[in-house]
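Hello,

Here is the structure we talked about, with the sequence beside it. My notes follow below it; please keep the structure open while you read.

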Amino acid sequence: MPKATFIVQYTEFHGLIVTQRYPTSLSLNEKILNLIFLEHQKDKKEELIYSEIEGMKIGSYSSALYPGWMVCTVLSAEEDFDHLQRDLAGSGRLILALIAMDPESFSLEEILEKGSILKDLTEEQKLAEVFLTPSSALLLERMQTEGIEKAAKLSIWLRNQVQNDDVDLREAMAPLMESGIVAVELLGKTSEMVFLVKDIFGYREPPVDSILKIKETIPSIAEKYIEFVTEFFSPASPDKGYNPTLPVDDPNSPILEDREKIARILAERIHYRILTSLREQPLSIADISLKTSFPESVVRKLLYSLEAEKIAIRFEEEDLWGLLTNPRIESFLPEYLLPVISKKLSEKEISSDVARRHLELLIQTWGVAK
Amino acid sequence: MIRGVFVLGEQGNMIYSKEYAKGDSKANMVEFLVNLTHFLKTIDLEDKTEYMNVNISRIFYSKKDPFTFMFVADKADDANQIEEKMGELVDSFMREYANLALANQSLDGFDAKVDEIAVTMVKVAILGFAGVGKTTTLHLLRGETLPLVHDPTIGVSIKKLPEEISNANIVLWDLAGQSRFSILWAKMIANAQVVIIVTDSTLENVLRSKKLVSLVKDEVPDAKVIGIANKQDLPTALTPERVGQILSIPTYELVAIDISYRDRLIQIIRRAILEGKAEAKAA
Ligand SMILES: Nc1nc2c(ncn2[C@@H]2O[C@H](COP(=O)(O)OP(=O)(O)OP(=O)(O)O)[C@@H](O)[C@H]2O)c(=O)[nH]1
Ligand SMILES: [Mg+2]
């Protein structure tokens, strides 16, 4: 566990102010705050920065979404920043999102004490994180058509796409590598190859578990609940309902858009916590607040936004909230790549070694008999 | 700090508005205020001041038929203090300007009254390259022991001026001059009403400081800018006139390590603040 956490806000009138700290005994001085702030101003694209100041190891997070704010974590001597990066960025993002929602009710102490904020990402969150970084999502799209590509070529392509020479392929690739979507290997002496080994798919599932549970616990609302869910997934004609498995070719199709939306909601930790708390069964705002350790005011706002996304639904009379649709993200074997690989091979774009390696990777990931 | 003052009439028409600092986008804010007035018609505030949070700001409002008064302030501000000021503003307006407003006449003198009430904080930024004497100047102003060695400022050091100097709350931003901090300058002078550019009066330093003058003119075009020709006790010092010519801003002499300059310097800053206000009004 990190030794301490503190939150700093910069404003044009008050300068740098520590708005909250935990534990409260943590002592800080102007110099520390200024040096952290300086680092963030230097490299605006970097959100998470490591500094060693006056013997303190500090990881600090800032985001263009919340200008002026920094969430800083003091690491203990044995902790390794590189290993904690993901978690620090995730908890920083979560804390800032909570503050933005309701600065008054935000308590760092409560979140840190009860919230076990540095939970490891679940498998589905790791997959979804791809969509938090636009350049990672772009890369995935590119890999879906290319299958295999030289890292150097990919880097040039990405730079062209985003019209920015500073974009770092490594950084954009990180979420893809971490979730096992791509593998990067040095083949031969010089060329680093990127292989797509998993594809991902965000969709909405009917909240089956929650419905089953409610039939046992609060049968009185079960019927209404089933009605809401049915209305969404298979309404009476002529409405079409929601069917994520329909093939879509149109890149602007609402289903494709929805996939990304689902992934983004899963990746946003603040939304994720609310929706996972509801997977089991419908709950009251007070219960959700207890489970997530978010203040009720924040829970309420998040529920409203999930309601607008057709993820949460409210049972007015009982004052309970449940899932209307259960967002999921899953990985699958990108079978569609096989013809791509063989075409690249026959056109001598890749060597047989590279093609063989790609197949090996696919087999390793997905097993021989699926 | 109070970022804006608005007085609206019965129909949500703007009778008076003044903005001291940029906050949320102005167009949004005005639309919001007009909607708020319409909404307030339907409830009775009973002469109380209430507030609500909007984005980064906090909007204080009070009603005295047929007028609605609003302050846009920061969430960080002390709500009681702002409510007190609201009371002052409402009283003064109802006493001396309400009839003029009802008769659609100009509200002569109200603007100065608003300044008197609402300007609670003046930001003065001290800019200049490393070692020219910015921190020393700050200590001189605050009547503190003067540092005789150069202990470089890290980032920025923000200090208030003692009340005896001005009843407005003057906050001095003593910026770090070392080049590694130069990326902070543009950001940190934002919303300063006065910027003091300190030079050590050597030719080399004054020439370099011309860059600072353009930075200030670009970033805070409305700020009052003055130059300081410091270290006049050293033989290498150019005269303040010469420094002023090179920088093209009004420039004053100083020996920051000599307390006998303190009163003069205080006068200069007071005047800069007043002139800054006057210029803002004329614009
Ligand atoms: N001779 C002389 N020395 C001065 C005068 N004013 C300041 N100094 C000296 O100049 C040195 C630097 O002063 P500071 O005020 O720390 O400089 P600064 O501009 O704040 O420097 P940074 O914080 O690095 O930007 C100190 O040793 C002061 O004693 C002056 O008028 N005459
Ligand atoms: Mg200094």
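**Notes on the structure**

Lys348(A) counts as exposed, because its relative accessibility is 73%, and over 50% is the cut-off for that word. Please keep in mind throughout that this is a predicted model. Lys348(A) sits in the loop that runs between helix H14 (337-346) and helix H15 (352-366) of chain A. Its phi is near 60°, which is a positive value in a residue other than glycine. Most residues other than glycine have a negative phi.

Ser293(A) also has a phi near 60°, again a positive value in a residue other than glycine. Its place is the loop between helix H12 (285-292) and helix H13 (296-308) of chain A. Is Ser293(A) buried or exposed? Ser293(A) counts as buried, because its relative accessibility is 4%, and buried means under 20%.

**Cis peptide bonds**

Most peptide bonds are trans. In chain A, the bond between Tyr22(A) and Pro23(A) is cis, with omega at about -5°. Pro23(A) belongs to the loop between strand S2 (15-22) and helix H1 (30-42) of chain A. In chain B, a cis peptide bond links Asp65(B) to Pro66(B), and omega there is about 0°. Pro66(B) is in the loop between strand S4 (57-64) and strand S5 (67-74) of chain B.

**Two helices of chain A**

Helix H11 of chain A covers residues 269-279, and ten of its eleven residues are buried, so the helix is largely enclosed by the rest of the structure. Among the buried residues of H11(A) are Arg269(A), His271(A), Tyr272(A), Arg273(A) and Arg279(A). Ile270(A), Ile274(A), Leu275(A), Ser277(A) and Leu278(A) are also buried in H11(A).

Helix H2 of chain A (residues 81-101) contains Asp82(A). With a relative accessibility of 54%, Asp82(A) counts as exposed. Asp82(A) and Leu186(A) are 104 residues apart along the chain, and 22 Å separates their C-alpha atoms.

**Chain B and its strand S10**

Chain B has 283 residues, of which 51% count as buried. Its secondary structure consists of nine helices and eleven strands. The C-alpha trace of chain B spans about 70 × 35 × 30 Å along its principal axes.

Which strands are joined to S10(B) by bridges? One is strand S9 of chain B (residues 194-199), which runs parallel to S10(B) and is joined to it by six bridges. In this pairing, Val198(B) stands opposite Ile228(B). Another is strand S11 of chain B (residues 251-253), which also runs parallel to S10(B), with three bridges between them. Here Ala229(B) has Glu253(B) of S11(B) as its bridge partner.

S9(B), helix H7 of chain B (residues 203-219) and S10(B) form a right-handed β-α-β unit. A right-handed β-α-β unit is also made by S10(B), helix H8 of chain B (residues 240-247) and S11(B).

**The ligand**

How many residues surround ligand 1? There are 23, and the closest are Lys134(B), Thr135(B), Thr136(B), His150(B) and Gly177(B). By class, this shell is made up of twelve nonpolar, eight polar and three charged residues.

- Gly131(B) has a backbone N or O atom 2.9 Å from an oxygen atom of ligand 1.
- Thr135(B) has an N or O atom in its side chain that is 2.8 Å from an oxygen atom of ligand 1.
- Lys231(B) has a polar side-chain atom 3.1 Å from an oxygen atom of ligand 1.

Ligand 1 taken alone exposes 660 Å², and the protein buries 92% of that area.

Regards

Key:
Residues numbered from 1 in each chain as written. Chains lettered and ligands numbered in written order. Predicted model: local features only at pLDDT ≥ 70, side-chain atom pairs only at ≥ 80, totals over all residues. Heavy atoms only, no water. Pairing = 2+ DSSP bridges. Helix = DSSP H or I, 4+ residues; strand = E, 2+ residues; numbered from the N terminus. Right-handed = clockwise from strand over helix to strand, strands pointing away. Near = heavy atom within 4 Å. Polar contact = N/O pair within 3.5 Å; in protein donor to acceptor, adjacent residues only side chain to side chain. Areas by Shrake-Rupley, 256 points an atom, 1.4 Å probe, with all protein chains shown as cover. Nonpolar A, V, L, I, M, F, W, Y, C, P; charged D, E, K, R; others polar. Buried < 20%, exposed > 50% of the residue type's maximum accessible area, 1.4 Å probe, protein only.
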